[in-house]
Structure formats: C-alpha cells, structure tokens
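Student: I would like to go through the terms used for this model and see what each one rests on.
Tutor: Here is the structure.

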Amino acid sequence: MAEKEILIAYFSHPGLNYADGKIVDLPVGNTEVAAKKLAAITGARLVRIEQAQNYPEDYHELTEVAKKELKAGARPALKNALPDMAEVSYLFLGYPNWWGTMPMPVWTFLEALDTSGKKIAPFCTNEGSGMGRSEKDLRALCPQAEILSGLPITGHKVADSDEALRAWARGILR
C-alpha cells in the first residue's frame, strides 16, 4: 500500500494505564502498538509525538494533569522536531482518548504543521469512549485538511486489532 506518501504520527502513553476496568502497567502504550501495526500494514514511516516534559507516572495524577491541560487549552512543548510534510498525502494520526479528545501534545503538533491539502485519518485507543469529540476537534484545528473517518480501537484489545486496522487502512488508501 506504500505507493502514496504516508506518515503515521502518534502520541502514546506507556506505564500505568486504565485497561479493562483496572490500572495496568504497559511497557508499550496501546496507541504505539496500533501505530506499529499500521506501519507494518502500510509501509509508512512512523513519527512519535512526545511532550518535552514527562507526565506523572501515577495514572490518577496523569489524568488530573491531562484534565488541567485541556481546561487551560495548554500547548505543551514537544521533544522532537516536526516531520517534513511536503510530500505527505496521508497523515494517519494516533492518540488515546483523554477527556473526550486528543491529548494536548497532539494539538501542539497539529497547530505547528501545515496540513493544508492533507488527508488526515485518525485512530484512537480508548476503553469505551470511542473517538469522543476528537474528529470534530481535528476539523477545527486543521480546516484546510480533509478529516477522514476515524478508527476507534479498544485499548486492551489492541493486540487483536490487525484485521480492523488492515480493513480501515485499505478503505482510506483505496
């Protein structure tokens, strides 16, 4: 499927996460697992979106920080340089659902990119809240881009998401 220039950018949170009704310690975040599966399917290059300042390790502290960032409209600084988007046609954008939308570092990332004329296909790991309002937020953040139908992935079932990712990517890139 790599005949189109495709980029997969994702934000993921390893460590303590909520999964299937309990707090678990994930060595690799669910969104990163999905992003790597999608890269294997599409042949696309991967870019990790990372905030410059680490989030708290404790899950409950993390959720409070995330809630405060969202409420304040924070734009946390990013650790990595932005990717060159000149040749990118499709941006697969992965993130966990935090408080009904994308984590604020994803907002920082998108606002710093020129997404004009790009097709953005979001995928969102969650434990029952689906895409939340993230697709609506993407349309507002990237008005010159085409926001494609997103794929919600249940976080604790991400290991078994290969077929759903394959079918979704095939539909996006056809």
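This is a predicted model: local features need pLDDT of at least 70, side-chain atom pairs count only at pLDDT 80 or more; totals for chains, interfaces and linings use all residues.

Tutor: Residues are numbered from 1 along each chain as its sequence is written, and side-chain values use heavy atoms, with hydrogens and water left out.

Student: Why is Y90 called buried?
Tutor: Buried means under 20% relative accessible area, exposed over 50%, and partly exposed in between (1.4 Å probe, protein chains only). Y90 has a relative accessible area of 8%, so Y90 is buried.

Student: What is Y90 in contact with, leaving aside neighbours within four places in sequence?
Tutor: Contact means heavy atoms within 4.5 Å. The partners of Y90 include K4, I6, L148 and I172.

Student: How do you know that the buried residues of helix 4 line one face?
Tutor: Helices are DSSP runs (H or I, at least four residues), as are strands (E, at least two), numbered from the N terminus. In helix 4 (residues 134-141), S134, E135, D137, L138 and L141 are buried. Down the axis they fall within an arc of 160 degrees, so they line one face; the arc is that of the directions from the helix axis to the C-beta atoms. The face turned away from the buried side carries the exposed residues K136 and A140.

Student: What makes a nonpolar core?
Tutor: Buried Ala, Val, Leu, Ile, Met, Phe, Trp, Tyr and Cys residues joined through side-chain atoms within 4.5 Å. The largest has 29 residues, and L93 is among those with the most contacts inside it. Helix 3 gives the largest share of this core, 5 residues.
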